[in-house]
Amino acid sequence: MKNRYFSDEEIQSNDLFFVCYMIERVARKIHQPNRYVVNSIGKDAMYHLLSVANVMHAQNPLDVEEDWINEYHLQNGTFDISDVEKELVSQIPTALQMGKVYQRLIRDTSQQNENYVDGIFRVYNHELCHVIDNYNCSAYFEPSYVIAKAYQANGF
């Protein structure tokens, strides 16, 4: 996928990872599901974010969170990712870990001629995300090829 601002540059897999990581951070901060953040940002703005990700990763993630929340008018919700059964979950995965899970899922299930923007919207709006984001089960912890197969089969 070509960078919007520098047509001779490709958007890299690390740029996708950074955006997935920030989606997770922002969603956690405002207590919303990831799909809310993705859909509120929109495809055009997501293309912009992917195109500038190689610069944004050098910024303080707290500042990037605030910028996204303000710029895309993201609202607080009641979805708390940390509301888990303490007997089942000893440690909640970090936003970095979940960013990697989603980056791999987008890449591993990429459709022919699909760009990263379309992949983000396809994956984050899939029902499997409810299972991956339910930390009471271990779906997020499965190897990436298992998660990709579950995605293609519409469930584990």
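How many cavities of 30 Å³ or more does the count come to? The count comes to one, and this tour, which starts there, goes through a predicted model in which local features need pLDDT of at least 70 and side-chain atom pairs count only at pLDDT 80 or more, while totals for chains, interfaces and linings use all residues. Residues are numbered from 1 along each chain as its sequence is written, and side-chain values use heavy atoms, with hydrogens and water left out.

**Stop 1: the cavity**

Rolling a probe the size of a water molecule over the atoms shows where empty space is left. On a 1 Å grid over the protein atoms alone, a cavity is a set of points where a 1.4 Å probe fits but cannot get out, whereas a pocket is an open set with protein on both sides within 12 Å along at least five of seven lines, and lining residues have an atom within 4 Å of a point. Grid points are joined across faces, edges and corners, and a volume is the space filled by probe spheres set on the points.

Select E24, A27, R28, H31, Q32, P33, N34, F79, I81 and D133, which line the largest cavity, a space of about 60 Å³. Helix 1 supplies the largest share of this lining, three residues; helices here are DSSP runs (H or I, at least four residues) numbered from the N terminus. By class the lining divides into four nonpolar, three polar and three charged residues, where Ala, Val, Leu, Ile, Met, Phe, Trp, Tyr, Cys and Pro count as nonpolar, Asp, Glu, Lys and Arg as charged, and the others, Gly among them, as polar.

**Stop 2: the largest pocket**

Next select P93, Q97, V101, Y140 and F141, which among the 14 lining residues lie nearest the centre of the largest pocket. About 270 Å³ of space lies in this pocket, and its lining has eight nonpolar, three polar and three charged residues. Helix 5 (95-108) and helix 8 (144-153) each supply at least two residues of the lining, and helix 5 gives the most, with five.

**Stop 3: the nonpolar core**

In soluble globular proteins, nonpolar side chains tend to be buried together. A nonpolar core is a set of buried Ala, Val, Leu, Ile, Met, Phe, Trp, Tyr and Cys residues joined through side-chain atoms within 4.5 Å; buried means under 20% relative accessible area, exposed over 50%, and partly exposed in between (1.4 Å probe, protein chains only).

Select V19, I23, M46, L50, W68, I120 and I132, which touch the most other members of the largest nonpolar core, a set of 50 residues. Helix 1 gives the most to this core, with 10 residues. Then centre the view on I120, which touches L16, V19, I23, V38, M46, L50 and I106 (contact means heavy atoms within 4.5 Å), not counting residues up to four places away in sequence.

**Stop 4: salt bridges**

Side chains of opposite charge can pair when their charged atoms come close. The structure holds nine salt bridges, each being a side-chain nitrogen of Lys or Arg within 4 Å of a carboxyl oxygen of Asp or Glu.

Begin with R4 and D44, whose closest N and O atoms are 2.5 Å apart. This pair links distant parts of the chain, since R4 is in the segment before helix 1 (13-30) and D44 is in helix 3 (residues 43-56), 40 residues apart. R4 counts as partly exposed at 30% relative accessibility, whereas D44 counts as exposed at 53%.

Move on to D118 and K43, whose side chains meet in a salt bridge (3.1 Å, N to O). D118 lies in helix 6 (residues 116-124) and K43 in helix 3, so the pair ties together parts that are 75 residues apart in sequence.

Are R122 and E114 buried or exposed? Both are buried, and they form a salt bridge whose closest N and O atoms are 2.8 Å apart. Finally, select R25, K29, E65 and E66, which are linked in a network of salt bridges.

**Stop 5: two loop residues**

Most residues other than glycine have a negative phi, and most peptide bonds are trans. H73, in the loop between helix 4 and helix 5, has a positive phi of about 55° although it is not a glycine, and H73 is exposed, with a relative accessible area of 60%. Select N113 last, in the loop between helix 5 and helix 6: its phi is near 65°, a positive value in a residue other than glycine, and N113 counts as exposed at 78% relative accessibility.
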